[in-house]
Amino acid sequence: MGQANIRLTSLSVEAFVNTGANNNYLVFKPLPYSKQNSSGIDGHIQFDGITATEIVEADLDVVLTGTNYAFAIGTDNKIKLAFAKATHATKADATAALKNVQVTYELGNLKLDADNYTLIARDSTDEEVHATTPVTLEQAMNIIKTLDMSRDTNSDGFLRYELVHNFIVN
């Protein structure tokens with residue numbers, strides 16, 4: 001099976017959890033087209049930019065020793081990245097510190113989804129500002145026109161588009 005790389009900031013944060021006694025953690029959106037992970041320790045995920053130990057989700061609030069980060073990934077393919085409360089006290093601190101971290105993961109068994117594509121728009125700072133559900137090429141072109149015509153480039157900057165054939169993971 002193939003591999004893919006993605007920046008954590010490209011995954012977007014779904015939740016910042018600060019209810020633990022020892023750690024806070026971020027829950028990221030699912031890894032795109034990823035092989036389905038189990039709720040245990042798979043060893044299929046690697047981080048570049050931080051040292052993170054894989055643990056089971058139930059242990060996200062254990063005291064971290066020897067590393068600043070621990071992560072769990074379940075069957076939903078969402079990364080839950082834990083860190084000591086003193087390391088990052090807020091969601092803003094955590095996302096700023098992790099902005100250059102890349103994740104390498106295994107792709108699932110991919111099958112083309114007919115003539116459907118996913119369109120991703122990124123702003124001039126390379127942050128994702130829009131992503132579509134699967135659309136045809138004609139629909140993608142209309143979305144691009146709409147986004148370009150409604151954007152104030154003097155204050156918002158320009159957009160860069162990425163068009164990826166949509167896949168179904170078997």
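How many of the 170 residues of the chain count as buried? The share is 36%, where buried means under 20% relative accessible area, exposed over 50% and partly exposed in between (1.4 Å probe, protein chains only). The model is predicted, so local features need pLDDT of at least 70 and side-chain atom pairs count only at pLDDT 80 or more, while totals for chains, interfaces and linings use all residues. Residues are numbered from 1 along each chain as its sequence is written, and side-chain values use heavy atoms, with hydrogens and water left out.

The chain holds four helices and 11 strands. Helices (H or I, at least four residues) and strands (E, at least two) are DSSP runs, numbered from the N terminus. The C-alpha trace spans about 50 × 40 × 25 Å along its principal axes.

Rolling a probe the size of a water molecule over the atoms shows where empty space is left. Here a pocket is an open set of points on a 1 Å grid over the protein atoms alone, where a 1.4 Å probe fits, with protein on both sides within 12 Å along at least five of seven lines. Grid points are joined across faces, edges and corners, and a volume is the space filled by probe spheres set on the points. The largest pocket has a volume of about 740 Å³. Its lining comprises 29 residues, a lining residue being one with an atom within 4 Å of a point. I6, P32, Y33, T118 and I120 lie nearest the centre of this pocket. At least two lining residues each come from β1 (3-7), α1 (8-11), β3 (23-30), β9 (110-123), β10 (128-131) and β11 (159-169). The lining divides into 15 nonpolar, nine polar and five charged residues. Ala, Val, Leu, Ile, Met, Phe, Trp, Tyr, Cys and Pro count as nonpolar; Asp, Glu, Lys and Arg count as charged; the others, Gly among them, count as polar.

P32 sits in the loop between β3 and β4. Its relative accessibility is 31%, so P32 counts as partly exposed. P32 and I73 are 41 residues apart in sequence; their C-alpha atoms are 13 Å apart in space.

Side chains of opposite charge can pair when their charged atoms come close. A salt bridge requires a side-chain nitrogen of Lys or Arg within 4 Å of a carboxyl oxygen of Asp or Glu. E14 is partly exposed, at 40% relative accessibility.

K35 and E106 also meet in a salt bridge (3.7 Å, N to O). This pair, too, links distant parts of the chain: K35 in the loop between β3 and β4 (46-48), E106 in strand β8 (residues 102-106), 71 residues apart. K35 is partly exposed at 25%, and E106 is partly exposed at 22%.

K80 pairs with D76, the closest N and O atoms being 3.2 Å apart. K80 is buried, with a relative accessible area of 6%. D76 is partly exposed at 35%. A network of salt bridges links E57, D76 and K80.

D123, in strand β9, is buried yet has no salt bridge. The nearest side chain of opposite charge, R151, is 4.8 Å away; Lys and Arg count as positive and Asp and Glu as negative, with His and the chain ends not counted. The D123 side chain does make a polar contact with the side chain of T125 (2.6 Å). A polar contact is a pair of N or O atoms within 3.5 Å; within protein, one must be able to donate a hydrogen and the other to accept it, and residues adjacent in sequence count only if both atoms are side-chain atoms.
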